[in-house]
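Please have the sequence and the model open while reading.

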Amino acid sequence: MEFLQPEGWSEALEARAAHPGALPLWGGTDVMVDLNFGRERPEAILDLTRVRELEEWGPAHPERDGRLRIGAGVSYTRAIVELGEALPGLAAASRTVGSPQIRNRGTIGGNLGSSSPAGDALPPLYASGAEIELASTRGTRRVAIGEFITGPKRNVLEPDELIAAFHIAPAAGPQQFSKVGTRNAMVIAVCSFALALHPDERRVGTCIGSAGPTPIVAADAEAFAAGMLDWDGGRPPAEADLARFGELVAAAASPIDDVRGSAAYRRHALGVLARRSLAWAWSER
(Lines give C-alpha, C1' and ligand atoms only; values in the text may rest on other atoms or scores of the structure.)
Protein backbone atom coordinates (compact mmCIF):
# COMPACT_ATOMS: atom_id res chain seq x y z
CA MET A 1 0.00 0.00 0.00
CA GLU A 2 1.44 3.35 -1.05
CA PHE A 3 1.49 6.16 1.53
CA LEU A 4 1.17 9.72 0.22
CA GLN A 5 1.79 12.72 2.49
CA PRO A 6 1.46 16.07 0.69
CA GLU A 7 2.76 19.22 2.39
CA GLY A 8 0.10 21.60 1.06
CA TRP A 9 -3.33 21.82 -0.56
CA SER A 10 -2.14 22.06 -4.17
CA GLU A 11 0.10 19.05 -3.70
CA ALA A 12 -2.79 17.16 -2.09
CA LEU A 13 -5.06 17.81 -5.08
CA GLU A 14 -2.32 16.72 -7.48
CA ALA A 15 -1.81 13.53 -5.49
CA ARG A 16 -5.54 12.86 -5.54
CA ALA A 17 -5.68 13.35 -9.30
CA ALA A 18 -2.74 11.01 -9.81
CA HIS A 19 -4.12 8.40 -7.39
CA PRO A 20 -7.94 8.46 -7.64
CA GLY A 21 -8.11 5.19 -5.70
CA ALA A 22 -6.27 6.64 -2.70
CA LEU A 23 -8.18 6.81 0.56
CA PRO A 24 -8.00 10.25 2.26
CA LEU A 25 -6.95 10.17 5.90
CA TRP A 26 -6.92 12.76 8.68
CA GLY A 27 -7.86 11.54 12.14
CA GLY A 28 -8.31 7.96 10.95
CA THR A 29 -11.11 7.28 13.45
CA ASP A 30 -13.18 5.60 10.71
CA VAL A 31 -10.45 4.64 8.26
CA MET A 32 -8.32 2.67 10.72
CA VAL A 33 -11.32 0.65 11.93
CA ASP A 34 -12.07 -0.41 8.37
CA LEU A 35 -8.42 -1.22 7.67
CA ASN A 36 -8.04 -3.22 10.87
CA PHE A 37 -11.14 -5.29 10.13
CA GLY A 38 -10.19 -5.82 6.49
CA ARG A 39 -13.17 -3.92 5.12
CA GLU A 40 -10.90 -1.54 3.17
CA ARG A 41 -7.75 -2.33 1.20
CA PRO A 42 -7.05 0.85 -0.79
CA GLU A 43 -4.22 1.06 -3.28
CA ALA A 44 -2.89 4.09 -1.42
CA ILE A 45 -3.47 6.23 1.68
CA LEU A 46 -3.56 10.00 1.19
CA ASP A 47 -2.54 11.49 4.54
CA LEU A 48 -3.78 15.10 4.77
CA THR A 49 -2.57 15.93 8.27
CA ARG A 50 0.20 18.23 7.00
CA VAL A 51 -2.21 20.32 4.91
CA ARG A 52 -2.63 23.27 7.26
CA GLU A 53 -5.18 24.96 5.00
CA LEU A 54 -7.72 22.31 5.98
CA GLU A 55 -7.55 23.39 9.64
CA GLU A 56 -8.56 26.98 8.96
CA TRP A 57 -12.00 28.49 9.48
CA GLY A 58 -13.51 31.96 9.27
CA PRO A 59 -15.95 34.13 7.29
CA ALA A 60 -16.38 32.86 3.75
CA HIS A 61 -17.65 36.08 2.15
CA PRO A 62 -18.32 38.54 5.02
CA GLU A 63 -19.26 41.28 2.64
CA ARG A 64 -21.86 39.09 0.94
CA ASP A 65 -23.66 36.59 3.17
CA GLY A 66 -21.87 36.31 6.50
CA ARG A 67 -21.54 32.52 6.20
CA LEU A 68 -18.62 30.70 7.74
CA ARG A 69 -16.20 28.50 5.86
CA ILE A 70 -15.02 25.63 8.07
CA GLY A 71 -12.05 23.62 6.83
CA ALA A 72 -12.51 19.86 6.54
CA GLY A 73 -9.67 19.29 9.01
CA VAL A 74 -11.35 21.09 11.92
CA SER A 75 -11.74 18.54 14.72
CA TYR A 76 -14.73 17.87 16.94
CA THR A 77 -12.84 19.34 19.89
CA ARG A 78 -12.21 22.58 18.01
CA ALA A 79 -15.87 22.70 16.96
CA ILE A 80 -16.79 22.54 20.65
CA VAL A 81 -14.22 25.07 21.88
CA GLU A 82 -14.04 27.51 18.96
CA LEU A 83 -17.46 27.25 17.30
CA GLY A 84 -19.74 26.67 20.27
CA GLU A 85 -21.19 30.17 20.14
CA ALA A 86 -21.55 30.45 16.38
CA LEU A 87 -22.72 26.86 15.78
CA PRO A 88 -24.20 25.53 19.03
CA GLY A 89 -25.96 22.61 17.34
CA LEU A 90 -22.75 21.34 15.78
CA ALA A 91 -20.90 21.83 19.07
CA ALA A 92 -23.58 19.88 20.94
CA ALA A 93 -23.35 17.02 18.44
CA SER A 94 -19.56 17.06 18.63
CA ARG A 95 -19.71 16.60 22.41
CA THR A 96 -21.45 13.25 21.88
CA VAL A 97 -18.75 11.84 19.59
CA GLY A 98 -16.61 9.07 21.05
CA SER A 99 -14.03 9.79 23.71
CA PRO A 100 -11.82 12.88 24.20
CA GLN A 101 -9.14 11.14 22.13
CA ILE A 102 -11.58 10.56 19.26
CA ARG A 103 -12.86 14.13 19.45
CA ASN A 104 -9.28 15.43 19.34
CA ARG A 105 -8.44 13.42 16.20
CA GLY A 106 -11.73 13.06 14.35
CA THR A 107 -12.87 15.81 11.97
CA ILE A 108 -16.13 17.15 10.59
CA GLY A 109 -14.75 16.61 7.10
CA GLY A 110 -14.12 12.97 7.93
CA ASN A 111 -17.74 12.58 9.05
CA LEU A 112 -18.85 14.05 5.74
CA GLY A 113 -16.50 11.80 3.78
CA SER A 114 -17.70 8.67 5.58
CA SER A 115 -21.29 9.70 4.78
CA SER A 116 -22.76 7.35 7.37
CA PRO A 117 -26.42 8.03 8.26
CA ALA A 118 -25.31 7.68 11.90
CA GLY A 119 -22.69 10.44 11.63
CA ASP A 120 -23.28 12.70 14.63
CA ALA A 121 -22.05 15.90 12.97
CA LEU A 122 -24.34 15.56 9.97
CA PRO A 123 -27.86 16.40 11.32
CA PRO A 124 -26.82 19.89 12.55
CA LEU A 125 -25.33 20.63 9.14
CA TYR A 126 -28.58 19.60 7.45
CA ALA A 127 -30.72 21.63 9.88
CA SER A 128 -28.65 24.74 9.09
CA GLY A 129 -28.49 24.24 5.31
CA ALA A 130 -24.74 23.72 4.98
CA GLU A 131 -22.98 23.50 1.65
CA ILE A 132 -19.97 21.26 1.01
CA GLU A 133 -16.97 22.66 -0.88
CA LEU A 134 -15.34 20.05 -3.13
CA ALA A 135 -12.05 20.66 -4.92
CA SER A 136 -9.83 19.04 -7.51
CA THR A 137 -7.13 20.17 -9.91
CA ARG A 138 -10.02 21.00 -12.27
CA GLY A 139 -11.54 23.57 -9.90
CA THR A 140 -13.92 23.97 -6.98
CA ARG A 141 -17.65 23.43 -6.61
CA ARG A 142 -20.19 23.71 -3.78
CA VAL A 143 -22.95 21.16 -3.19
CA ALA A 144 -25.89 21.40 -0.80
CA ILE A 145 -25.46 18.82 1.93
CA GLY A 146 -28.79 17.19 1.05
CA GLU A 147 -27.44 16.53 -2.43
CA PHE A 148 -23.94 15.54 -1.28
CA ILE A 149 -24.86 12.33 0.58
CA THR A 150 -26.70 9.92 -1.72
CA GLY A 151 -26.91 6.74 0.37
CA PRO A 152 -25.27 4.79 3.19
CA LYS A 153 -21.57 5.74 2.96
CA ARG A 154 -22.11 7.11 -0.55
CA ASN A 155 -21.71 10.66 -1.83
CA VAL A 156 -21.15 12.66 -4.99
CA LEU A 157 -17.36 13.05 -4.64
CA GLU A 158 -15.63 12.45 -7.96
CA PRO A 159 -12.55 10.19 -7.91
CA ASP A 160 -10.21 13.18 -8.18
CA GLU A 161 -11.98 15.38 -5.60
CA LEU A 162 -11.37 16.10 -1.94
CA ILE A 163 -13.62 17.77 0.64
CA ALA A 164 -12.10 21.19 1.25
CA ALA A 165 -14.60 22.73 3.68
CA PHE A 166 -18.22 23.29 4.46
CA HIS A 167 -20.06 26.62 4.36
CA ILE A 168 -22.70 27.37 6.98
CA ALA A 169 -24.50 30.40 8.41
CA PRO A 170 -23.89 31.20 12.09
CA ALA A 171 -26.86 30.37 14.29
CA ALA A 172 -29.64 32.94 13.99
CA GLY A 173 -31.52 31.39 16.92
CA PRO A 174 -31.43 28.47 19.34
CA GLN A 175 -30.18 25.09 18.15
CA GLN A 176 -30.49 21.64 19.69
CA PHE A 177 -29.02 18.19 19.14
CA SER A 178 -30.17 15.06 20.96
CA LYS A 179 -29.23 11.44 20.57
CA VAL A 180 -30.29 8.02 21.85
CA GLY A 181 -27.66 5.32 22.31
CA THR A 182 -27.32 1.95 23.98
CA ARG A 183 -25.16 3.54 26.68
CA ASN A 184 -24.24 7.03 27.87
CA ALA A 185 -20.95 7.59 26.03
CA MET A 186 -18.76 6.33 23.17
CA VAL A 187 -21.75 4.97 21.30
CA ILE A 188 -23.13 4.96 17.76
CA ALA A 189 -26.53 6.64 17.68
CA VAL A 190 -29.62 4.46 17.67
CA CYS A 191 -31.23 7.65 16.39
CA SER A 192 -30.55 11.37 16.66
CA PHE A 193 -32.28 14.65 15.96
CA ALA A 194 -31.09 18.18 15.23
CA LEU A 195 -33.18 21.33 15.27
CA ALA A 196 -32.40 24.94 14.39
CA LEU A 197 -34.73 27.91 14.83
CA HIS A 198 -34.45 30.76 12.34
CA PRO A 199 -36.62 33.49 13.93
CA ASP A 200 -35.82 36.17 11.34
CA GLU A 201 -37.15 33.88 8.61
CA ARG A 202 -39.85 32.33 10.83
CA ARG A 203 -38.45 28.98 9.82
CA VAL A 204 -37.48 25.74 11.55
CA GLY A 205 -34.70 23.44 10.34
CA THR A 206 -34.64 19.76 11.26
CA CYS A 207 -32.72 16.59 10.53
CA ILE A 208 -33.06 12.98 11.63
CA GLY A 209 -29.94 10.87 12.01
CA SER A 210 -29.47 7.07 12.07
CA ALA A 211 -33.04 6.31 11.00
CA GLY A 212 -32.77 6.01 7.23
CA PRO A 213 -30.24 5.44 4.44
CA THR A 214 -29.19 9.08 4.73
CA PRO A 215 -29.87 11.85 7.24
CA ILE A 216 -33.48 12.98 6.68
CA VAL A 217 -35.03 16.43 6.78
CA ALA A 218 -38.53 16.32 8.31
CA ALA A 219 -40.12 18.78 5.88
CA ASP A 220 -43.73 18.37 7.05
CA ALA A 221 -42.69 18.85 10.67
CA GLU A 222 -40.74 21.99 9.72
CA ALA A 223 -43.75 23.48 7.93
CA PHE A 224 -46.07 22.64 10.83
CA ALA A 225 -43.75 24.17 13.43
CA ALA A 226 -43.15 27.30 11.38
CA GLY A 227 -46.88 27.96 11.17
CA MET A 228 -47.66 26.95 14.75
CA LEU A 229 -45.00 28.87 16.70
CA ASP A 230 -45.83 32.31 18.11
CA TRP A 231 -42.86 34.12 16.57
CA ASP A 232 -44.06 37.59 17.63
CA GLY A 233 -45.42 37.00 21.12
CA GLY A 234 -43.18 34.13 22.21
CA ARG A 235 -46.06 32.10 23.69
CA PRO A 236 -44.86 28.55 24.54
CA PRO A 237 -46.26 25.92 22.18
CA ALA A 238 -49.09 23.80 23.52
CA GLU A 239 -48.38 20.22 24.53
CA ALA A 240 -50.66 19.00 21.75
CA ASP A 241 -48.66 20.98 19.18
CA LEU A 242 -45.37 19.64 20.50
CA ALA A 243 -46.79 16.12 20.33
CA ARG A 244 -47.93 16.69 16.74
CA PHE A 245 -44.47 17.97 15.82
CA GLY A 246 -42.99 14.80 17.28
CA GLU A 247 -45.44 12.64 15.31
CA LEU A 248 -44.49 14.36 12.05
CA VAL A 249 -40.78 13.91 12.74
CA ALA A 250 -41.30 10.23 13.52
CA ALA A 251 -43.35 9.82 10.34
CA ALA A 252 -40.51 11.28 8.25
CA ALA A 253 -38.03 8.66 9.45
CA SER A 254 -37.28 5.50 7.49
CA PRO A 255 -35.74 3.24 10.15
CA ILE A 256 -34.84 -0.43 10.09
CA ASP A 257 -34.53 -3.15 12.72
CA ASP A 258 -30.89 -3.85 13.60
CA VAL A 259 -28.71 -4.83 16.55
CA ARG A 260 -28.95 -1.33 18.06
CA GLY A 261 -32.72 -0.99 18.03
CA SER A 262 -35.97 -1.76 16.28
CA ALA A 263 -37.65 0.47 13.71
CA ALA A 264 -40.59 0.94 16.09
CA TYR A 265 -38.33 2.04 18.92
CA ARG A 266 -36.50 4.49 16.67
CA ARG A 267 -39.77 6.10 15.60
CA HIS A 268 -40.94 6.38 19.21
CA ALA A 269 -37.61 7.81 20.37
CA LEU A 270 -37.51 10.35 17.55
CA GLY A 271 -40.97 11.62 18.51
CA VAL A 272 -39.77 12.16 22.06
CA LEU A 273 -36.49 13.78 20.98
CA ALA A 274 -38.29 16.09 18.55
CA ARG A 275 -40.90 17.45 20.92
CA ARG A 276 -38.34 17.92 23.70
CA SER A 277 -35.89 19.62 21.36
CA LEU A 278 -38.49 22.07 20.12
CA ALA A 279 -39.58 22.91 23.67
CA TRP A 280 -35.97 23.37 24.79
CA ALA A 281 -35.09 25.53 21.81
CA TRP A 282 -38.17 27.71 22.17
CA SER A 283 -37.43 28.28 25.86
CA GLU A 284 -34.01 29.66 24.88
CA ARG A 285 -35.45 32.13 22.39
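Contact here means heavy atoms within 4.5 Å. Helices (H or I, at least four residues) and strands (E, at least two) are DSSP runs, numbered from the N terminus. The model is predicted: local features need pLDDT of at least 70, side-chain atom pairs count only at pLDDT 80 or more, and totals for chains, interfaces and linings use all residues. Residues are numbered from 1 along each chain as its sequence is written, and side-chain values use heavy atoms, with hydrogens and water left out.

- Two strands pair if DSSP finds at least two bridges between them; an open, antiparallel sheet of three strands has the order 11-12-13.
- Strand 11 (175-180) and strand 13 (203-209) are at the edges with a single partner strand each, so one side of each is left without a neighbour in the sheet.
- From one strand to the next, the twist averages 10°.
- Strand 12 (residues 191-198) and strand 13 run antiparallel and are joined by seven bridges; Ser-192 has Gly-209 in strand 13 as its bridge partner.
- Helix 11 (residues 263-283) lies across strand 11, strand 12 and strand 13, at about 30° to strand 12.
- For such angles, axes are lines fitted to C-alpha atoms, for helices over the stretch in contact, and angles run from 0 to 180 degrees between N-to-C directions.

- Another open sheet has five strands in the order 4-5-10-6-7, with antiparallel pairing.
- Its edge strands, strand 4 (57-59) and strand 7 (139-144), each pair on one side only.
- The twist averages 25° from one strand to the next.
- Six bridges link strand 6 (residues 131-136) with strand 7, and Ile-132 has Val-143 in strand 7 as its bridge partner.
- Helix 1 (residues 9-18) lies across strand 6 and strand 10 (162-168), at about 125° to strand 10.

**Loop residue Thr-49**
- Thr-49 sits in the loop between strand 3 (44-47) and strand 4.
- Not counting residues up to four places away in sequence, Thr-49 touches Gln-5, Leu-25, Trp-26 and Arg-105.
- The Thr-49 side chain makes a polar contact with the side chain of Asp-47 (2.9 Å).
- A polar contact is a pair of N or O atoms within 3.5 Å; within protein, one must be able to donate a hydrogen and the other to accept it, and residues adjacent in sequence count only if both atoms are side-chain atoms.
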